[in-house]
2 protein chains.
Amino acid sequence: MTDQPQNAFRALADPTRRDILRMLTTQDMTIAQVSDRFDMTRAAVKKHLTVLSDGGLITVEARGRERINRLDPTGFAPVLSWLEFFDRFWDGHLDALKSAIEKDMQ
Amino acid sequence: MTDQPQNAFRALADPTRRDILRMLTTQDMTIAQVSDRFDMTRAAVKKHLTVLSDGGLITVEARGRERINRLDPTGFAPVLSWLEFFDRFWDGHLDALKSAIEKDMQ
DNA sequence: CAAATATGATGCCATTTGGTATCATATTAA
DNA sequence: TTAATATGATACCAAATGGCATCATATTTG
């Protein structure tokens, strides 16, 4: 982990990395397992996983010759905390926001 | 506006842009007003404002020769909605998450 | 031990990004 | 109208980013 929340926001800025995060909600995965799901080299995926790790969004556990990549929910804290600042600011606009979210969820 | 939530996440990935957003919580600002607060050219600031606008996080209202940049809370919806997916997934971890946020807020 | 496997590390490349400088255009003010 | 002001647009540049290819290293496995 390093600068916060910069590294977390940076990690979230790439669609591939966001897809990886969602994948990791279903199960922990090795680098090879993640790579199998993308049309890019293992090296490229590994770079993304490093960025996600720097952002604190995943943890990597060495297990023999494998590296288990696991979602780290606490890594989202700096992001949510930053966003929370706006949540407080809006206040009266929260309803509009909620409906906008619901509309977006469809 | 374009791809969602990609443009919003991309807009949030830069520290200068996040600072601009926080500034805009205190008051709507022209490009010149925003520029005055940063050690970079007006052109550079204008680029950031364009990215923020593409991300749907601000709206720009032309008023005479000025452009009023205004925070758009609804632009955060796609981001929050994406994050909400993880909120559902964690469930049992939410408490740890909350305390992590509080710790981060200090 | 030797071969296969999983990952790490490095170098290279094209594109994007964040910045500057400069000039054009549109409004306002004298 | 003319000058000043606020912004838009463009060209250019260095650094970062996302990708590939390749080789090195560490673990398993036969």
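Which elements of chain A do the buried residues of α4(A) pack against? They pack against α1 (6-12), α2 (15-23), α3 (31-36), β1 (58-63) and β2 (66-71). This is a predicted model: local features need pLDDT of at least 70, side-chain atom pairs count only at pLDDT 80 or more, and totals for chains, interfaces and linings use all residues. Residues are numbered from 1 along each chain as its sequence is written, chains are lettered from A and ligands numbered from 1 in the order in which they are written, and side-chain values use heavy atoms, without hydrogens and water.

**Helix α4 of chain A**

- Helices here are DSSP runs of H or I with at least four residues, strands are runs of E with at least two, and both are numbered from the N terminus.
- The 13 residues of α4(A) should span 18 Å at 1.5 Å a residue, and the end C-alpha atoms are 18 Å apart, which agrees. The expected span is 1.5 Å times one less than the number of residues.
- V45(A), H48(A), L49(A), V51(A) and L52(A) are buried in α4(A). They cover an arc of only 155 degrees around the axis, so they lie on the same side of α4(A). The arc is that of the directions from the helix axis to the C-beta atoms.
- Buried means under 20% relative accessible area, exposed means over 50%, and partly exposed is in between (1.4 Å probe, protein chains only).
- G56(A) follows α4(A) and has a positive phi, near 75 degrees.

**H48(A)**

- H48(A) belongs to α4, residues 42-54 of chain A.
- Its relative accessibility is 14%, so H48(A) counts as buried.
- Neighbours within four places in sequence aside, H48(A) is in contact (heavy atoms within 4.5 Å) with D14(A), T16(A), R17(A), I20(A) and M40(A).

**Aromatic rings**

- The whole structure holds 8 aromatic pairs over all chains.
- The ring centres of F85(A) and F86(A) are 5.5 Å apart and their planes stand at 85 degrees, so this pair is edge-to-face.
- Rings of Phe, Tyr and Trp (its six-membered ring) pair if their centres lie within 6.5 Å; planes under 30 degrees apart are stacked, over 60 edge-to-face, and the rest tilted.
- F85(A) is partly exposed at 22% relative accessibility, whereas F86(A) is buried at 0%.
- One aromatic cluster consists of F9(A), W82(A), F85(A), F86(A) and F76(B).

**Charges over rings**

- The charged end of R22(A) sits over the ring of F85(B), 3.5 Å from its centre.
- The charged end of R22(B) sits over the ring of F85(A), 3.5 Å from its centre.
- The criterion is NZ of Lys or CZ of Arg within 6 Å of the ring centre and within 35 degrees of the ring normal.
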